[in-house]
Amino acid sequence: MRKRQVVLRRQEPSGNSTTSSATARTVRYGECQKNHAASIGGYAVDGCREFMASGEEGTGVAFTCAACGCHRNFHRREVEPTSTEVGFERASPSSNGR
């Protein structure tokens, strides 16, 4: 099982803010939902319970499931949002010593 974490940053609309909030989301891909019998008008899934990448992240085969051979998009996506505050100082033009 490989978990993915995506960090999104939103900056405050005002230029005077020195902090930014970040939302970290853990994305997990569950059971395969590909209908293998769609071409004959039926419904049959392969029983793959969880996405496992075939290769290292960043390669083309990372989107193929090692268990069932389907693309990652056929697996149910589960997002677990966790919100964290990330503070950092931005250099303002008036504070650079001039």
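This is a predicted model: local features need pLDDT of at least 70, side-chain atom pairs count only at pLDDT 80 or more; totals for chains, interfaces and linings use all residues.
1. Residues are numbered from 1 along each chain as its sequence is written, and side-chain values use heavy atoms, with hydrogens and water left out.

2. Which ring pairs with Tyr29? The partner is Phe51, and the two rings sit edge-to-face, with 6.0 Å from centre to centre and 65 degrees between the planes. Tyr29 belongs to strand β2 (residues 19-32), while Phe51 lies in the loop between β2 and β3 (75-87), 22 residues apart, so the pair links distant parts of the chain. Strands here (E, at least two residues) and helices (H or I, at least four) are DSSP runs, numbered from the N terminus. Phe51 is buried too, with a relative accessible area of 5%.

3. The count of aromatic pairs comes to 1. The rule covers rings of Phe, Tyr and Trp (its six-membered ring) whose centres lie within 6.5 Å; planes under 30 degrees apart are stacked, over 60 edge-to-face, and the rest tilted.

4. Another ring to look at is Phe74: Lys34 lies over its face, 5.1 Å from the ring centre. A charge sits over a ring if NZ of Lys or CZ of Arg is within 6 Å of the ring centre and within 35 degrees of the ring normal.

5. Now to the charged side chains, where the structure holds 4 salt bridges (a side-chain nitrogen of Lys or Arg within 4 Å of a carboxyl oxygen of Asp or Glu). One of them joins Glu50 and Arg28 at 3.8 Å, N to O. Glu50 lies in the loop between β2 and β3 and Arg28 in strand β2, so this bridge ties together parts 22 residues apart in sequence. Glu50 is partly exposed at 22%.

6. Glu31 and Arg76 also meet in a salt bridge, at 2.7 Å, N to O. Because Glu31 lies in strand β2 and Arg76 in strand β3, the pair ties together parts 45 residues apart in sequence. Glu31 is partly exposed at 23%, as is Arg76 at 30%.

7. Arg76 also bridges to Glu78, at 2.8 Å, N to O, and Glu78 is buried at 19%. Finally, Arg28, Glu31, Glu50, Arg76 and Glu78 are linked in a network of salt bridges.

Terms used
Buried means under 20% relative accessible area, exposed over 50%, partly exposed in between (1.4 Å probe, protein chains only).
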